[in-house]
Amino acid sequence: LLLLASRLRHASLTYKAAAYARLAAVKSSTVLKKLIPKLGQPEVYVSDRFAAHRLLVGGAATGGAFSDKPPSSVASAVLSRHRHYNINSAPYGSLWRAMRRNLTAEIFHPSRLRLFAPARRRALADLVADLDRQCSSGGVVRAAESIRAAMFGLMSTMCFGGDVDGELVKAMADAQDDLVQCFLGLRILSTFPAITGLIYRNRWRKLVELRRQQEEMYLPLIAARRRHDGEPPAYVDTLVDLSVPDEHGRKLTDGELVGLCSEFLGAGTEPAAAALQWIMANLVKRPDVQRALWKEIDAAVAAEEDEVGEEVLGRLDYLNAVIMEGLRLNPTVPVAFRQVMADDHVVLDGSRLPAGTAVLFPLARLSRDKTAWADPLEFRPERFMPGGEGAGVSLVAAAGSAGEIRMMPFGAGRRMCPGMGIAMLHLGYFVANLVREFEWVEVEGDHAVDLRPHVGFFRVMKRPLHVRLVRRR
Ligand code: HEM
């Protein structure tokens, strides 16, 4: 605590309600401070909803853009020992802009997303078949595993096309999982790869080996797509065509391509699969909410229809409320990061934060603030229905959002998640159809639903979701 206090005093950052420092991080950086002076830089947490809005949304207005990020352990740079950034790890600038614009315009534009509707339908059909198979063998259904596999398969189709062998997709999914486990606790890695390589020798070796495996799996798929001109264009097709305008129009390197594919698969799968699990787990715990949702769906979709089509989702207000409440109560990315740049004029508690300060926004603290939400720890979708305190709360914190951010499961500002639209589509489509097909029922004993979180790289259920399913149709 003394270390913590002196560090905060030194940086003049004692910001009572809005900022607190993370003891573990301070401890490790203090230990290493003599070795690595840069680690002595201050780090603040902002959990006040007005300060979060002022910094993230009003950042540009107060001077600078407040859009840089601290060097991240996710950088594929770390693994290849070359500066191979992906969108998440790239410093604010032309490469970041080019990669991000490519993703949003070439893949996530609604006209492009529509082309992947058959892939979504196939992923849902495979998931329902898998759940049916587990049901008919009479046992407990391993819903967490099935959900993640379905989400990964869908993202793999969007990334590499639909012709990839099923075994290879599974191997890629396993490798991605290993990678996430390996990243844990290694935030300093990308800033000081050589030193970190020494300190965490075994983990470092594992990371390098995982990266090598990824190259072995992805590069042949990327090469095959270079010879392909089919529809819809997969993410890889847009990446191989991309040139970076401010870098003499150069093409992306193989290292960058592998890093970007890994990011697409990981960022597209893990937080969405975790969110889907949290939502289904809450529906298991609250049969009344599940029944109300099923009734809404049943009234909107004729019995002979094969599925809840995507065109219906926008009319299902209670479904939307269930998903918003799931994301509010259990945001699956624990923290949004920013780093103050020299141009930024970021002021906290009357003091301007020095360039290089890492600013962290803990997302669950923001969206469980009891001064903003009634009984914030309760799963209560009604709060997002007309008349509820969450009615009108937007996921896109914008200049007009009353100067506060009451929840931001997808972050906010210029570095906000570019995948929000597709993630919301996937969540709506899967939740609606999974509730229409099955009644989700709690299992007794060791596999009972446990709503405690495990906070690591993502904020996931401590005990993966297991259920009993009863066919509704
Ligand atoms: C429920 C699902 C998802 C959640 C909860 C989520 C959440 C987040 C959050 C909190 C951030 C940090 C934003 C910030 O710093 O302000 C982020 C960034 C990002 N997300 Fe997502 N995300 C989801 C799905 C996706 C999908 C489907 C993709 C694309 C395949 C994606 C790609 C990214 C990328 C590339 C970034 C980095 C953006 C940048 O630095 O410019 N995410 N996401």
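**Figure 1. The buried residues of helix H7 in the predicted model.** Arg 120, Ala 123, Leu 124, Leu 127 and Leu 131 are the buried residues of H7. A residue is called buried if 20 or more other C-beta atoms lie within 10 Å of its own, exposed if 12 or fewer do, and partly exposed in between, with C-beta atoms placed from the backbone. Viewed down the axis of H7, the buried residues fall within an arc of 100°, so they line one face of the helix; the arc is that of the directions from the helix axis to the C-beta atoms. Pro 118, Ala 129, Arg 133 and Ser 136 are exposed on the other side of H7. The cover over the buried residues of H7 includes H8, H18, strand S8 (438-441) and strand S11 (468-471). Helix H7 comprises residues 117-136, and its 20 residues should span 28 Å at 1.5 Å a residue, in agreement with the 28 Å between its end C-alpha atoms. The expected span is 1.5 Å times one less than the number of residues. After H7 comes Gly 138, which has a positive phi near 85°.

The structure shown is a predicted model, in which local features need pLDDT of at least 70, side-chain atom pairs count only at pLDDT 80 or more, and totals for chains, interfaces and linings use all residues. Residues are numbered from 1 along each chain as its sequence is written. Helices (H or I, at least four residues) and strands (E, at least two) are DSSP runs, numbered from the N terminus.

**Figure 2. Helix H9 and its packing partners.** Helix H9 (residues 166-183) contains 18 residues and reaches 26 Å from its first C-alpha to its last, close to the 26 Å expected at 1.5 Å a residue. Its buried residues are Met 172, Gln 176, Leu 179, Cys 182 and Phe 183. They lie on the same side of H9, because they cover an arc of only 125° around the axis. The exposed residues Gly 166, Glu 167 and Asp 174 are carried by the face of H9 turned away from the buried side. Helix H8 (143-160), helix H11 (201-226) and H13 pack against the buried residues of H9; two residues are in contact if their C-beta atoms, placed from the backbone, lie within 7 Å.

**Figure 3. The shell around the ligand.** Of the 25 residues around the ligand, those that come nearest are Gly 268, Gly 411, Cys 417, Gly 419 and Ala 423. A residue is near a molecule or strand if its C-beta atom, placed from the backbone, lies within 6 Å of it. Helix H13 (254-285) and helix H18 (420-437) each supply at least two residues of this shell. H13 gives the most, with seven residues. By residue class, the shell divides into 16 nonpolar, six polar and three charged. Ala, Val, Leu, Ile, Met, Phe, Trp, Tyr, Cys and Pro count as nonpolar, Asp, Glu, Lys and Arg as charged, and the others, Gly among them, as polar.

**Figure 4. The contact of helix H14 with helix H16.** Helix H14 (residues 287-300) and helix H16 (residues 317-329) pack at an angle of about 145°, and their axes are 8 Å apart. Axes are lines fitted to C-alpha atoms, for helices over the stretch in contact, and angles run from 0 to 180 degrees between N-to-C directions. From H14, Val 289, Ala 292, Leu 293 and Glu 296 meet Tyr 318, Leu 319 and Val 322 of H16. The residues of this contact divide into six nonpolar, no polar and one charged.

**Figure 5. The cover of helix H3.** Helix H3 (residues 49-56) is mostly covered, with seven of its eight residues buried. These are Arg 49, Ala 51, Ala 52, His 53, Arg 54, Leu 55 and Leu 56. The buried residues of H3 pack against strand S5 (347-348), strand S7 (358-362) and H17.

Figure 6. Most residues other than glycine have a negative phi. His 248, although not a glycine, has a positive phi of about 55°. His 248 is found in the loop between strand S2 (243-244) and strand S3 (250-251), and counts as exposed because it has 7 C-beta neighbours inside 10 Å. Asp 375 is likewise not a glycine, and its phi is positive, about 40°. The loop between H17 and H18 holds Asp 375, which is exposed, with 9 other C-beta atoms within 10 Å. Ala 402 is placed in the loop between helix H17 (363-367) and H18; Ala 402 is exposed, with 12 other C-beta atoms within 10 Å.
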